[in-house]
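Subject: Structure handover

Hello,

The structure is below, followed by notes on what was found in it. Please read the notes with the model open.

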Amino acid sequence: MKSSDIENKVGDYWDSRAVAHRPISWMGHPYIAKTFNKRIYNSAETTWGNGLFEILKQNHLNKGKKKFQKAISVACGNGRKEMRLVKNGMIKEIKLYELAKSRIEEGKVLAKKFGIEDRVEFVYGDAFELEKNKQKYDL
C-alpha cells in the first residue's frame with residue numbers, strides 16, 4: 001500500500017467520525033484529563049493539556065525565556081489545544097499537520113474565531129514525509 005493510500009485511509013476514518021458527531025477522543029473526559037495531567041505533569045488541572053501548558057510556563061517561559069517562535073504539531077485534529085498556546089502568547093506561530101480534512105476545516109474556523117489565522121498554518125499530509133528539509137522548530 002502506498003503512503004498516500006495510507007494517509008487517505010487514516011484521514012477518511014477520522015473524517016467519518018467527525019461527520020457522524022461521534023466522540024473524536026476519549027481525552028476530553030474530565031476524569032481522564034485530570035488523571036493524565038496528574039500523572040504526567042503533577043498538575044490538578046481537569047482540562048486536557050493544561051498540565052502541559054503549566055510545565056511549559058514553569059520550565060521555559062517563567063525562567064526569563066521568550067515565547068517559542070515556531071512550533072509544529074503532528075496529528076493535531078482541529079488544533080484547538082495548540083491554538084490555545086498561540087492565543088495565550090506562548091507560541092508565535094505553529095504549523096499543524098493533520099490527515100482528516102474535516103478536522104483541518106474545523107481548525108481554520110477556530111483560528112479565525114480566535115483571531116490568529118495569520119499565525120497558524122494547517123497542512124494536510126504526513127509531517128514526517130513533508131518536513132524532510134529540517135525546518136527549525138523550537139517546540
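Notes on the model

A75 sits in the loop that connects β1 and α4; helices (H or I, at least four residues) and strands (E, at least two) are DSSP runs, numbered from the N terminus. This is a predicted model, in which local features need pLDDT of at least 70 and side-chain atom pairs count only at pLDDT 80 or more, while totals for chains, interfaces and linings use all residues. Residues are numbered from 1 along each chain as its sequence is written, and side-chain values use heavy atoms, with hydrogens and water left out.

The phi angle of A75 is near 60 degrees, a positive value in a residue other than glycine. A75 is exposed, at a relative accessible area of 60% (buried is under 20% relative accessible area, exposed over 50%, partly exposed in between, with a 1.4 Å probe and protein chains only).

Helix α3 covers residues 50-59, and its buried residues are N50, G51, F53 and L56. Among the elements that cover them are α2 (30-41), β1 (68-74) and α4 (80-87).

The axes of α3 and α4 are 11 Å apart, and the two helices pack at an angle of about 35 degrees. Axes here are lines fitted to C-alpha atoms, for helices over the stretch in contact, and angles run from 0 to 180 degrees between N-to-C directions. On the α3 side the contact involves N50, F53 and L56, and on the α4 side K81, R84 and L85, where contact means heavy atoms within 4.5 Å. By class, the residues of this contact are 3 nonpolar, 1 polar and 2 charged (Ala, Val, Leu, Ile, Met, Phe, Trp, Tyr, Cys and Pro count as nonpolar, Asp, Glu, Lys and Arg as charged, and the others, Gly among them, as polar).

The second largest pocket

The lining of the second largest pocket has 16 residues, and L52, F53, K81, E82 and L85 lie nearest its centre. A pocket is an open set of points on a 1 Å grid over the protein atoms alone, where a 1.4 Å probe fits, with protein on both sides within 12 Å along at least five of seven lines; lining residues have an atom within 4 Å of a point. At least two lining residues come from each of α2, α3, β1, α4 and β2 (91-98). The lining divides into 12 nonpolar, 2 polar and 2 charged residues.

E82 belongs to helix α4 and is buried, at 9% relative accessibility. Leaving out residues up to four places away in sequence, E82 touches S73, C76, I94 and L96.

F114 is part of helix α5 (residues 101-114). Not counting residues up to four places away in sequence, F114 touches R80, M83 and K87. The C-alpha atoms of F114 and V86 are 9.5 Å apart, and these residues are 28 apart along the chain.

V10 is in helix α1 (residues 3-19) and is partly exposed, with a relative accessible area of 34%.

Regards
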